[in-house]
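Welcome! Take a look around first, then try each task before reading its solution.

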Amino acid sequence: MDEIWALRKEIDRIDEEILRLLNERISIAQRIGELKKNAGLDIHAPEREREVFERLLKLNRELYGGKFPEEALFHVYREVMSACLSVEKPLRVAYLGPKATFTHQAALEYFGFSVHYVPVSTIRDVFSEVDLDRVDYGVVPVENTIEGVVNYTLDMFLEYDLKIVGEVVIPIRLHLLSNLSNLKDVKRIYSHRHALAQCRTWLDKNLPNAQIIETESTARACEIVLELEDAAAIASEVASYTYHLGILAENIQDSSNNFTRFLVIGKRSVKRTGKDKTSLILAVRNKPGDLYKTLESFYIYGVNLTKIESRPSKKKAWDYVFFVDLDGHMEDENVKMALESLSKNNRIIKILGSYPKALFEES
Ligand SMILES: O=C(O)C(=O)C[C@]1(C(=O)O)C=C[C@@H](O)C=C1
């Protein structure tokens, strides 16, 4: 017992030191904020945040053998930088709501908790909020490893002149949420039909007799469950703390390969980090070999394409445009040359932006 108390004293001493350093850090961030404001620079600096994360994750591995878990270190620093940013400028971020959805989770992963979030009801609303400067950034889903591309998001890039400033990839993990402490007391299960479908195997095996009730969203399922004594909801981890519901069973989804990629949209370009992606929209004429010729520019300059997706141009029937993601930043020499050659041939409709690759890219 004495030893525990002695060790707790040690922890108290360390915490005081961490607290002192956190306060010192936030004061410095405040000074950087003022300098950036005077110079007319963007307050949010995603490329710098990426540098901070990567440096610390590397140091943690090299100096301490990764004793402090990587994901936890990421979250600690996500919140530290989110708080530092909030004293420089309170950010407003719109996302496809309602609250506690996976898009909300992606937004929190990208900006942390010290940001003012605005849940809106459609993907178009996210784009228009950013476009009208009612928020600084927006977060929208763009593709899922099981369901495929979110066409609506791609189409919005044809209508709005906004930039992609970042991406987040998150695993779609579903949990059984309830304030009950025993599985056998769960008589009713509420959730959105997609979430219910994704947990079919687990439900058949573990709760074969429970009544299944569909709701319009996983968030609504949580609200209902809060009022009931024999029910559970299937929803995300963010939903568990948003609605103060306990996690009765973790990771009950059938597939472990379920990831969604989200895009962060804004108005300005992001500086090079060395681990970037660029997205653009290309025009390809409806004649033999045209797609081949377009792609040749990437081949000539050694640019790796990570994705190519066609969508109707909406200008003419059977006329298509291509959404392309590639490895590298617009300022990288090979990307610059490929883009110059495409632009000479009038193939570029829009450059959607260069941005840091997702930090934890799992696909
Ligand atoms: O380096 C900066 O530009 C800062 O404002 C500091 C800081 C940080 O906390 O490290 C905060 C916000 C920015 O998005 C990036 C980094």
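UniProt positions are given here in the numbering used for this structure, with feature names shortened, and annotations may be inferred rather than shown by experiment. That numbering starts from 1 along each chain as its sequence is written. The model is predicted: local features need pLDDT of at least 70, side-chain atom pairs count only at pLDDT 80 or more, and totals for chains, interfaces and linings use all residues.

**Exercise 1.** Find the span that UniProt lists as "domain: Chorismate mutase" and describe its make-up.

Step 1: The unreviewed UniProt entry gives residues 1–92 for this feature.

**Exercise 2.** Work out how domain 1 meets domain 2.

Step 1: An automatic or database domain assignment sets the bounds; domain 1 covers 2–87 and domain 2 covers 90–172 + 258–265.
Step 2: Their C-alpha centres lie 25 Å apart.
Step 3: Each domain gives 9 residues to the contact, counted where C-beta atoms, placed from the backbone, lie within 7 Å.
Step 4: On the domain 1 side, helix H3 (residues 70–88) supplies the largest share, 7 residues.

**Exercise 3.** Trace the open sheet of 4 strands.

Step 1: The order is S13-S14-S12-S15, with antiparallel pairing (at least two DSSP bridges between two strands).
Step 2: S13 (305–312) and S15 (348–356) are the edge strands, each pairing on one side only.
Step 3: S13 pairs with S14 (residues 320–327) over 7 bridges, and Ser-310 stands opposite Phe-322 in S14.

Notes
Helices (H or I, at least four residues) and strands (E, at least two) are DSSP runs, numbered from the N terminus. Two residues are in contact if their C-beta atoms, placed from the backbone, lie within 7 Å.
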